[in-house]
Amino acid sequence: MAAPPAGDCGDARFEAEVLQRVNAFRAAPRSCGAKGRFAAAPPLRWSAPLAEAALGHTREMAARGVLSHDSADGRSLSDRVDAAGYAWRALGENVAAGQASIARVVDSWAHSDGHCANLMGPRFTELGVACVLQESSGRRWWTMDLGQPRR
């Protein structure tokens with residue numbers, strides 16, 4: 001039996017590149033269309049629990065071939081993040097499918113009003129991202145979970 005996907009789509013620099021691209025986007029003021037204008041936002045830090053929650057959800061989406069914020073069993077983002085042990089004050093999520101690289105998925109989120117607003121959300125201080133390659137199609141599935149921890 002094959003090992004489950006690692007969540008980085010085989011990219012050895014996955015975490016570093018995700019943080020670099022997302023934080024570069026957040027470093028400048030942005031218009032997120034109908035979601036409004038956003039001032040530059042502080043850089044985000046990587047969160048292992050958010051990445052764990054993102055990975056579980058991404059694996060499920062890839063296995064089912066369904067892009068959704070809700071799990072098949074009805075669990076929501078907050079349910080998945082709670083199960084990963086992340087004590088949160090604020091949460092957001094971006095999902096995607098089909099983008100072949102980190103650069104392309106971040107760009108697609110940047111050009112979608114709601115996803116852009118999540119990327120620029122000043123309340124978010126941490127993120128975790130997962131990418132899973134769907135073996136049957138070669139398609140990549142993505143989840144970005146953003147959070148502000150309760151401290």
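Analyst: Two strands count as paired if DSSP finds at least two bridges between them. Strands (E, at least two residues) and helices (H or I, at least four) are DSSP runs, numbered from the N terminus. This is a predicted model, in which local features need pLDDT of at least 70 and side-chain atom pairs count only at pLDDT 80 or more, while totals for chains, interfaces and linings use all residues. Residues are numbered from 1 along each chain as its sequence is written, and side-chain values use heavy atoms, with hydrogens and water left out.

User: What is the order of the strands in the open sheet?

Analyst: Strands of a sheet pair through backbone hydrogen bonds, either parallel or antiparallel. Here four strands form an open sheet in the order β3-β5-β6-β4, and the pairing is mixed. Its edges are β3 (45-46) and β4, each of which pairs on one side only.

User: In which sense do β3 and β5 pair, and how do β5 and β6 run?

Analyst: The β3 and β5 strands are parallel, with two bridges; Trp46 has Leu127 of β5 as its bridge partner. Strand β5 (residues 126-134) and β6 run antiparallel and are joined by nine bridges. Within that pairing, Ala130 is partnered by Thr143 of β6, and Cys131 stands opposite Trp142. The two strands form a hairpin with four residues between them, and Gly138 in the turn has a positive phi of about 75 degrees.

User: Is β5 largely enclosed or open?

Analyst: Burial is read from relative accessible area: under 20% is buried, over 50% exposed, and in between partly exposed (1.4 Å probe, protein chains only). Eight of the nine residues of β5 are buried, so the rest of the structure largely encloses this strand.

User: Which residues does Gly7 touch?

Analyst: A contact means heavy atoms within 4.5 Å. Gly7, in the segment before α1, touches Phe14, Leu55, Val129, Ala130, Cys131 and Val132, leaving out residues up to four places away in sequence. Gly7 counts as buried because its relative accessibility is 8%. From Gly7 to Ala39 there are 32 residues in sequence and 31 Å in space, C-alpha to C-alpha.

User: And where is Ser47 placed?

Analyst: Ser47 sits in the loop between β3 and α2 (48-64). Its relative accessibility is 5%, so Ser47 counts as buried. Beyond neighbours within four places in sequence, Ser47 is in contact with Tyr86, Glu126, Leu127 and Gly128. The side chain of Ser47 also reaches the backbone nitrogen of Leu50 at 3.2 Å. For such polar contacts the cut-off is a pair of N or O atoms within 3.5 Å; within protein, one must be able to donate a hydrogen and the other to accept it, and residues adjacent in sequence count only if both atoms are side-chain atoms.

User: At what angle do the axes of α1 and α5 cross?

Analyst: Axes are lines fitted to C-alpha atoms, for helices over the stretch in contact, and angles between N-to-C directions run from 0 to 180 degrees. The axes of α1 and α5 cross at roughly 95 degrees and come within 9 Å. That makes the two helices roughly perpendicular (65 to 115 degrees; under 35 is roughly parallel, over 145 roughly antiparallel, the rest oblique). Val22, Phe25 and Arg26 of α1 make the contact with Cys116, Asn118, Leu119 and Met120 of α5.

User: Which residues of α5 are buried, and what covers them?

Analyst: In α5 (residues 113-120), Cys116, Ala117, Asn118, Leu119 and Met120 are buried. Their cover includes α1 (14-26), β1 (30-31), β2 (37-38), β4 (88-97), α4 (102-110) and β6 (139-149).
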